[in-house]
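Try each one yourself before you read the solution.

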Protein chains: 2
Amino acid sequence: MTEKKNVITAFGMSDIKDYDKLIKEFGVSPMTSLVRYMPDPIAVYRRGIVFAHRDFDMIIDAMEKQIPFVVMTGIKPSNFFHFGSKIVVDQLAYLQKHGGKVVFAVADVESLADNEMPLKEADAIARDNIMDCIALGLDPKKTEFYRQSEDLTVLRAAQVFASNVTNNMLKAIYGLHELKIYNAALVQMGDILKPQLENGKVRTVVPVGFDQDPHIRLVRDIAKKHKLVPPAGTYNKFMGSLTGSAKMSKREPEGLIFLNESAELACRKIKKKAFTGGRNTPEEQRQLGGQPDICKVYELYKFGLIEDDKELTELYKRCAGGKLMCGDCKNLACKKMTAFLNQHHKKRKQAALSVNRILKTKA
Amino acid sequence: MTEKKNVITAFGMSDIKDYDKLIKEFGVSPMTSLVRYMPDPIAVYRRGIVFAHRDFDMIIDAMEKQIPFVVMTGIKPSNFFHFGSKIVVDQLAYLQKHGGKVVFAVADVESLADNEMPLKEADAIARDNIMDCIALGLDPKKTEFYRQSEDLTVLRAAQVFASNVTNNMLKAIYGLHELKIYNAALVQMGDILKPQLENGKVRTVVPVGFDQDPHIRLVRDIAKKHKLVPPAGTYNKFMGSLTGSAKMSKREPEGLIFLNESAELACRKIKKKAFTGGRNTPEEQRQLGGQPDICKVYELYKFGLIEDDKELTELYKRCAGGKLMCGDCKNLACKKMTAFLNQHHKKRKQAALSVNRILKTKA
């Protein structure tokens with residue numbers, strides 16, 4: 001019998017079950033031991049959703065000593081944000097609150113290369129994504145927004161970095177792809193190093209999904225070649241689809257709760273589509289208990305629908321102890337999601353005003 | 001017996017002997033039939049040095065009807081200009097005089113990719129090249145100069161055009177190369193289409209050596225995809241090395257007369273290095289005649305050292321008729337080259353003043 005190996009590339013990933021194994025295989029460091037040193041860690045850190053890192057120690061050190069640091073993020077404007085997208089924005093807002101300067105790339109070169117989305121069309125989605133970010137707590141006044149397609153530093157860096165890689169390296173890191181895909185990766189290297197290229201060395205952290213680790217490894221190599229500080233990376237788990245499939249992917253619209261959709265629609269998805277792992281009958285459920293670890297509704301709670309750890313633990317126990325039925329639990333999730341979305345949509349409306357300043361519509 | 005085939009790629013070429021065959025093989029049009037329609041054609045056109053074209057008819061039409069047109073050139077700042085570089089500048093100055101707007105790219109992304117020359121170092125050579133261009137008659141006031149590495153339109157276009165090509169296409173067109181080399185080609189596509197991307201459709205001509213035809217073919221395809229006017233190309237022959245090897249290449253410093261070197265040094269090269277095809281003895285030369293068609297000194301005359309066609313024909317006849325000895329001919333070439341270089345260096349000095357405005361030294 002062959003052992004199943006985690007297969008991860010930056011352009012798609014397999015179903016990840018065993019994150020501990022991943023940490024070993026990829027030589028990253030587990031996050032658990034670091035969280036205690038963070039000031040007021042938020043749920044995604046406390047709950048192990050951000051589960052691994054490279055060099056994040058230097059960022060904690062910077063927070064503690066009030067040394068300037070940069071938080072770099074590149075959002076590919078290929079689809080609207082969903083509830084799983086929220087965990088990245090939570091991190092941005094947290095790191096910003098603790099002294100990080102957030103630099104936000106609208107990754108429109110990437111959505112062109114990867115999704116064949118024309119630059120102009122990407123803009124509408126980018127604006128929607130940015131509204132979500134602001135509504136979720138990102139302070140636009142302390143954030144630098146730009147489009148990849150309009151940033152000279154980034155586009156030039158992509159050409160310069162092309163001289164730091166060979167076709168064999170790219171193939172080894174990303175697998176065999178068309179030139180445009182490799183180029184989008186090089187542009188992303190430009191994004192991550194832009195703050196240092198423009199203003200000199202600075203500690204930088206890039207909060208990403210684990211599928212982006214190949215980028216982080218390559219950008220760390222390139223940074224060393226250019227005598228810049230190799231950026232830190234933190235890696236979050238992915239929210240699975242409500243239906244039970246592996247990743248709550250923008251490419252699989254089934255089972256996604258979009259942040260710009262109505263509470264009504266979201267509730268219908270929770271009630272009709274969510275896989276819970278509940279037992280066949282109420283009696284059985286009372287006897288054997290529910291299975292929160294494989295339940296997609298519980299995952300919503302864990303990924304942020306319940307803020308308070310005690311409340312979350314309590315709910316977990318009631319479910320596993322057979323005291324909470326799936327129907328009631330779904331009603332609760334629906335209620336919480338409704339409250340969240342209604343509030344979020346109000347904030348989005350306000351945010352819409354600043355988006356026009358941040359990202360002017362293209363002619 | 002297999003027939004020797006012309007092997008041409010944009011990154012190096014074989015020894016071209018048979019230009020007529022080339023015209024057939026590559027499906028370009030011969031220039032000869034067009035020259036009569038050009039207003040006051042200069043030597044490089046009259047003498048068949050510019051020997052082939054694609055769509056140049058539309059540029060002649062534009063000159064005649066005073067329709068705006070663009071002359072695009074990208075100079076890779078990897079070495080100083082030599083006497084063979086002059087023929088391209090002659091064309092630029094001619095087309096500019098007849099209504100063309102010259103756009104001049106300092107191809108520093110290409111010299112980085114192709115020659116591993118850092119962007120900053122490329123600048124010193126670019127400034128020297130531009131001094132030569134102005135001294136040779138290019139009007140800087142009517143020319144748009146820019147660096148590839150600093151042009152947003154061009155760098156963005158390179159990323160956009162990456163979506164118009166596949167690895168297989170690139171391999172078929174250019175042969176197998178590292179990504180950086182393909183990218184330099186895509187940046188060059190951006191150069192050529194920049195005027196149209198910024199200001200809408202306009203007829204464009206790109207005067208190049210025949211080794212650049214792969215670029216012209218690809219850029220014409222890309223232009224069609226983006227609903228722009230496919231650029232015309234004109235193709236010039238290459239001046240051979242003084243020593244008799246095929247191309248007067250910047251990569252082979254032997255046998256090159258650089259435009260910034262002293263007349264004394266140039267004369268020494270003409271007298272000591274130039275291959276003439278002269279006969280073994282003066283008697284033999286008088287009997288059999290010289291061989292101007294393979295003579296590198298005659299090539300200097302033909303490529304511009306003698307302006308007047310009658311004078312050139314007269315010299316050709318005297319040589320072929322055995323009336324001109326190689327020593328005397330070399331003395332004449334030296335005298336003419338000295339006059340040219342001395343005059344040129346004076347103009348370069350004046351040009352140096354405008355270069356500082358055109359291309360500021362990088363910090």
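**Exercise 1.** Describe the interface between chain A and chain B.

*Solution.* Start with contacts, meaning heavy atoms within 4.5 Å: 27 residues of chain A touch 27 residues of chain B. This is a predicted model, in which local features need pLDDT of at least 70 and side-chain atom pairs pLDDT 80 or more, while totals for chains, interfaces and linings use all residues. Residues are numbered from 1 along each chain as its sequence is written, chains are lettered from A in the order in which they are written, and side-chain values use heavy atoms, without hydrogens or water.

Next, take the buried area (accessible area, 1.4 Å probe, lost on being put together, summed over both parts). It comes to about 2200 Å², with 60% on carbon and sulfur atoms.

**Exercise 2.** Work out how chain A and chain B are related.

*Solution.* Superpose the copies by least squares on C-alpha atoms of residues with pLDDT of at least 70 in both. A rotation of 180° with 0.0 Å of shift along its axis does it, at RMSD 0.0 Å. The two copies are therefore related as by a two-fold rotation axis. The same surface serves both, as 100% of the contact residues of chain A recur in chain B.

**Exercise 3.** Find the partner of Cys267(A) and the hand of their disulfide.

*Solution.* With cysteine sulfur atoms within 2.5 Å as the test, Cys267(A) pairs with Cys334(A), S to S 2.1 Å. The S-S torsion is about 95°, so this disulfide is right-handed.

Technical notes
Buried area = accessible area lost by both parts, 1.4 Å probe.
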